[in-house]
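Thanks, everyone; I would like to take a few minutes to walk through one model with you. Please have the sequence and the 3D view open while I talk.

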Amino acid sequence: MESEQLFHRGYYRNSYNSITSASSDEELLDGAGVIMDFQTSEDDNLLDGDASIGTHYTMTNGGNINSSTHLLDLLDEPIPGVGTYDDFHTIDWVREKCKDRERHRRINSKKKESAWEMIKSLYDAWSGWLVVTLTGLASGALAGLIDIAADWMTDLKEGICLSALWFNHEQCCWGSNETTFEERDKCPQWKTWAELIIGQAEGPGSYIMNYIMYIFWALSFAFLAVSLVKVFAPYACGSGIPEIKTILSGFIIRGYLGKWTLMIKTITLVLAVASGLSLGKEGPLVHVACCCGNIFSYLFPKYSTNEAKKREVLSAASAAGVSVAFGAPIGGVLFSLEEVSYYFPLKTLWRSFFAALVAAFVLRSINPFGNSRLVLFYVEYHTPWYLFELLPFILLGVFGGLWGAFFIRANIAWCRRRKSTKFGKYPVLEVIIVAAITAVIAFPNPYTRLNTSELIKELFTDCGPLESSSLCDYRNDMNASKIVDDIPDRPAGTGVYSAIWQLCLALIFKIIMTVFTFGIKVPSGLFIPSMAIGAIAGRIVGIAVEQLAYYHHDWFIFKEWCEVGADCITPGLYAMVGAAACLGGVTRMTVSLVVIVFELTGGLEYIVPLMAAVMTSKWVGDAFGREGIYEAHIRLNGYPFLDAKEEFTHTTLAADVMRPRRSDPPLAVLTQDNMTVEDIENLINETSYNGFPVIMSKESQRLVGFALRRDLTIAIESARKKQEGIVGSSRVCFAQHTPSLPAESPRPLKLRSILDMSPFTVTDHTPMEIVVDIFRKLGLRQCLVTHNGIVLGIITKKNILEHLEQLKQHVEPLAPPWHYNKKRYPPSYGPDGKPRPRLHNVQLKPIAEEREETEEEVHLLNSTTL
């Protein structure tokens, strides 16, 4: 009987109306944990979750609407622009997922109506696979093009191939019959600049001319790269991974993944690598792949109109980027899962795997390195590792962790100084200076003059009879009949000791220049420079251990394995382990890094040394700070990114973080049927908030829903253009039905279709640990704070980030006392049973309300560094 009375009054049991119209606090439901599915128009926002049996309700308006009120009925079609986002705003993951479910239900309900609808349903189902296929094809093709062009332009600094101008140094000498084994890089077809200009191949004059031309080409490439970035695509600078992580977390950066950024990044990446700067192309290739994924997603409505679905494509694209950067498809998938993705469902894992597969297949078909491999430095070792070698491997891990901690602090300090001084206002000058210093110092040392990828290849390579590098200049005591794959340890010759000194100088040079290079206004990756530093250190340690085992093979640690004439130590393996350790120390990657390295080198047998070194580097690095380089740059640039790896261990409550504060202006809210169009427009013009809570009335401030600023603006502008009778004095109604209005009153505007009737709410005593967890796992933009159903304030992602930063600086507020509720929040009703009057029609009490802030006040800094 009671339920019948409620039904005839216009309410349905457990519906939203019964919640907001409850006459006592006991009848209120806490909407923060309730999942409901309201069967309303398409524009109504649904919560992320399927309604269970018994919770799918139809909302009725409780009777017929009087035609004299000229009420605007619910729109059959969505208002154009509603549900979209401005630049530098965060998407609403909950709403986007609900929109996708509604689209999917609509397509499934129509697919049996006709053959055309069935075809459309199949197209929608396969569009995800099509977009990742196109992304993989484009990523592989662009990566092959970048590799070929970068190799050619790198060799252009030293000379040119007269027989075929498009050949690099190695390709030029492939068909030469005059090439000798000892001087395999010299052939008549390849001419150095000294030979072309002054006609001398040897001597001081030749050296000086080649030195000058090397510097000239390095400065030319660097200047052209930074000029193109500055003029056409400022977003093309840096590696892009910090921004990619922020975008995948839900942040909008218009143009960062656009066609101009893709084109300029591809061109300038070749120029930056060829200039000889201490940077790599692997990180920017992830940005290039994500640009491809973003562009192709606009071909499919399923992804072009839904920001959350688009980010699934970007996750797959990042996997394809790492796949072509390192030739590591599995490592690319794990990199996307571990390092960059914020939301990674199972179907995204499959599509990421497929995109990485397609990209690797295309790159293998292009064969940019001419070795039938996906990478330049593919190596195979023929000697197993021994248990005593774990000690030097762990020491390399310690070095990698120390290097990572030093680099992060030094690079962030330099980037912060760049932003705060006049030096940052002249990015072109900075790039020219860094390029000039790099070229001047790099040319005399053969290991710094080499392309960084070629340097890593030489450091990884094991010494054999066919190797002519000075690193393999051992005194040959073995019998000439020894087989190639079982060369014993030998005493080092003068060439090895000379190479060690040059490698030590190269190590110092790389450490210093990488700190100042990462963050300049050209495409710059960090993977290859970090791996080069670790490979240099590892090769030095490997040679030292090898010589120690040779001269002291009777020591107890060597006695069992290192007999006289045995092949015991592989220095190239130490270089590989050191490279993984240093890269892990900088990025704090673990699983994906180990997989990338063993795919990169083919060293499947050496997973245990890699794991030991990588974990050691992470532990040592975490001892100085848990942030990796990408998280540090995200924080430096002020992006609204909540890192899921951080733990919240403090005891603060939602009331300590919510806005407004005591000294701030009142919380700006809307009433469901008491405001006019002019009132809302004035509120929008006077504030910069992202959205406004909607309450029932001045007297009863029960929460009705949440309206976004952008949706309000678009809906009002659309109503003024398309509907007659909408003026400034028109009543705005967010309720399902409007109160009776005089016949002469202007036509009211009904905006229930843009109202989020189920915003996430928490009480003022909810621990912040839970609030932070909700924001991370659901990707919320904001969360309302209530007390007994009355709106007290709002918490946005920016508020949480500010709170976390304060806690890091040890300014955590004390936990409120047990009588906190009674002191700050008086009862909602007076002794006479009537609601207490509220000030400014939105306030419980000024002391309990604080100014609303949103993450949209976070602006992208002009000097973006990656």
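Two strands are said to pair here if DSSP finds at least two bridges between them, and please keep in mind that the model is a predicted one. With that in place, strand β5, residues 670-671, pairs with β7 in the parallel sense over 2 bridges, and within that pairing leucine 670 stands opposite valine 694 of β7. On to the other partner, strand β8, residues 703-708, which runs antiparallel to β7 and is joined to it by 5 bridges, with isoleucine 695 standing opposite leucine 703 in β8.

How much of β7 is buried? For this strand, residues 691-695, the count is 5 of the 5 residues, so β7 is largely enclosed by the rest of the structure. Both of its faces are covered, with Gly691, Pro693 and Ile695 buried on one side and Phe692 and Val694 buried on the other.

There is also an open sheet of 3 strands, in the order β6-β9-β10 and with mixed pairing, whose edge strands are β6 (675-676) and β10 (749-750), each pairing on one side only. Between β6 and β9, residues 731-733, the pairing is antiparallel over 2 bridges, and threonine 676 stands opposite arginine 731.

Turning to the helices, α4 covers residues 115-156 and reaches 59 Å from its first C-alpha to its last, close to the 62 Å expected, although there is a kink of about 45° centred on tryptophan 126.

Notes:
Residues numbered from 1 in each chain as written. Predicted model: local features only at pLDDT ≥ 70, side-chain atom pairs only at ≥ 80, totals over all residues. Heavy atoms only, no water. Helix = DSSP H or I, 4+ residues; strand = E, 2+ residues; numbered from the N terminus. Expected span 1.5 Å × (residues − 1). Bend = angle between axes of the 7 residues up to and from the residue. Buried < 20%, exposed > 50% of the residue type's maximum accessible area, 1.4 Å probe, protein only.
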